[in-house]
Amino acid sequence: MSRVGTVPVVLVTGIDATAMASVTIGCQWDLPRAVVVRHDLHVEAQQLHRVVSDADGVVEQVVHQLDHACVSCALREDIIPTLERLCADGRWEAVVAHLPVAAEAVQVCRLLELDPTTAPHARISSVVTALEGSTLAVDLLGDDLLRERGLHAAPDDDRGVAETCSSLVEYADLLAVTGASDAEGRALLRALARPGVELVPDTSRLDGRGLLEGLHQHVRTEAWVSPTRPPTVPLVVNRHTWSLELSSVRPFHPERLLDGIELLGSAGVRTRGCFWLPTRPGDVGVWDGAGGQLSIGTGSPWGSTRPFTRISVTGTTASRGRIGRLREDFDRLLLDDAEIEARGMLWEAFSDGFEPWLGAIRRAAA
């Protein structure tokens, strides 16, 4: 339910500046009583450029010097304070926020949800991810790094393009594509996006006013991107894409996972989910990979939930032949019956070396 007196905010995200600008301009055209704020992060200069404009022209143009050029600093020092200031101003019925390229809306949404006093006049009404249609497959499954395209959002930003773009798609309330796209690219978007999310294949057909109607529901979105989200259909194969869910109540064997991490985290597919280890049965292991890049970390404790291992894999026709092998590789990485029976010795053998192992597996995934 919307908070009384709040102003709707549309967040525009993406990895392509032209596509993002196209969506932002379209929103400004459809919403003449809205104000647009665009933030661009210049990592090398450690600057955040802010331009605010409405139907009458440029309202303000500021270069903000950051202590550390990263998205977190930009959010804390300028982006969220600016959103609150514009929403509280009273002159505009909505705010369209063009976030820095490759910045994730999840950081804004979670902060405002966890602490509404940070921006009491602002309400996230929708998150739009803008995409370039001609490069959908390579952006979502390719092996480029953001740094290689000059899109990194911090000096130490080593994220992959596919990992970042896939995350943006999965968090979106609406997907807007500019330029020509093929059926495979659009099918891939639908396979990754939350069920029911609208795909607009031409930004000129975007309905700006519809973005103010509360498309963003935080709890629903968080449930979809959660590494422990409820199970979906085990296998879906269509003409252009496929999705496979690998699931077990067994934990991964730490040493076999380290040795065979590339079996599940290889190029050409999107993988995400959760796992657990015999060394840390209380902690959720988070798996997040795409295009051969893989991030592994520790999430919140399982709590009262019984631990499980579940990895969702999505690919295109080019990788369809790997479906059967993925099942075999997944099973090979799990503890077998004999190891579970001998778990006392197994737990003790692994418990002393967990942290070095976790560091090693992160390096292997890099």
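**Exercise 1. Which element gives the most to the lining of the second largest cavity?**

*Solution.* 
Step 1. The answer is α5, with 3 residues. Helices are DSSP runs of H or I with at least four residues, strands are runs of E with at least two, and both are numbered from the N terminus. The model is predicted, so local features need pLDDT of at least 70 and side-chain atom pairs pLDDT 80 or more, while totals for chains, interfaces and linings use all residues. Residues are numbered from 1 along each chain as its sequence is written, and side-chain values use heavy atoms, without hydrogens or water.

Step 2. Look at the whole lining. It is made of T13, E104, A105, V106, V127, T129, S167, L168 and Y171.

Step 3. The structure has 2 cavities of 30 Å³ or more. (On a 1 Å grid over the protein atoms alone, a 1.4 Å probe fits in a cavity but cannot get out; a pocket is open, with protein on both sides within 12 Å along at least five of seven lines; lining residues have an atom within 4 Å of a point. Points join across faces, edges and corners, and volume is the space filled by probe spheres set on them.)

**Exercise 2. How many residues of α5 are buried?**

*Solution.* 
Step 1. Count along the helix: 11 of its 11 residues are buried, and α5 is mostly covered. (Buried is under 20% relative accessible area, exposed over 50%, partly exposed in between, with a 1.4 Å probe and protein chains only.)

Step 2. Name them. The buried residues are V161, A162, E163, T164, C165, S166, S167, L168, V169, E170 and Y171.

**Exercise 3. Which residues lie nearest the centre of the largest pocket?**

*Solution.* 
Step 1. They are E104, E163, S167, D288 and S295, out of a lining of 41 residues.

Step 2. State the volume: about 1000 Å³ for the largest pocket.

**Exercise 4. Which residues have the most contacts inside the largest nonpolar core?**

*Solution.* 
Step 1. This core has 41 residues, and V23, L140, V169, L175 and L189 have the most contacts inside it. (A core joins buried Ala, Val, Leu, Ile, Met, Phe, Trp, Tyr and Cys residues through side-chain atoms within 4.5 Å.)

Step 2. Look for another core. A second, separate one has 37 residues, including L11, V37, L75 and I79.

Step 3. Take L175 as a case. Beyond four places in sequence, its contacts are T129, L131, V169, L189, A193, V197, E198, L199 and V200. (Contact means heavy atoms within 4.5 Å.)

**Exercise 5. Is H39 buried or exposed?**

*Solution.* 

Step 1. Read the accessibility. H39 has 2%, so it counts as buried.

Step 2. Find its polar partner. The side chains of H39 and D78 make a polar contact of 2.8 Å.

Step 3. List the contacts beyond four places in sequence: L48, H49, R50, D78, I79, T82, H98, L99 and P100.

**Exercise 6. Describe S243 and L244.**

*Solution.* 
Step 1. S243 lies in strand β10 (residues 241-248). L244 lies in β10.

Step 2. S243 has a relative accessible area of 19%, so it is buried. L244 has 2%, so it is buried.

Step 3. The side chain of S243 makes a polar contact of 3.3 Å with that of T314.

Step 4. Leave out neighbours within four places. S243 then touches A191, P234, L235, V236, V313 and T314. L244 touches P234, L235, I311, S312, V313, I323, L326 and R327.

**Exercise 7. Compare Q46 and A102.**

*Solution.* 
Step 1. Phi of Q46 is near 55°, a positive value in a residue other than glycine. For A102, phi is near 75°, and this residue is not glycine either.

Step 2. Q46 is in the loop between β2 and β3 (47-54). A102 is in the loop between β5 (94-98) and α3.

Step 3. Q46 has 28% relative accessibility, so it is partly exposed. A102 has 1%, so it is buried.

Conventions: A polar contact is a pair of N or O atoms within 3.5 Å; within protein, one must be able to donate a hydrogen and the other to accept it, and residues adjacent in sequence count only if both atoms are side-chain atoms.
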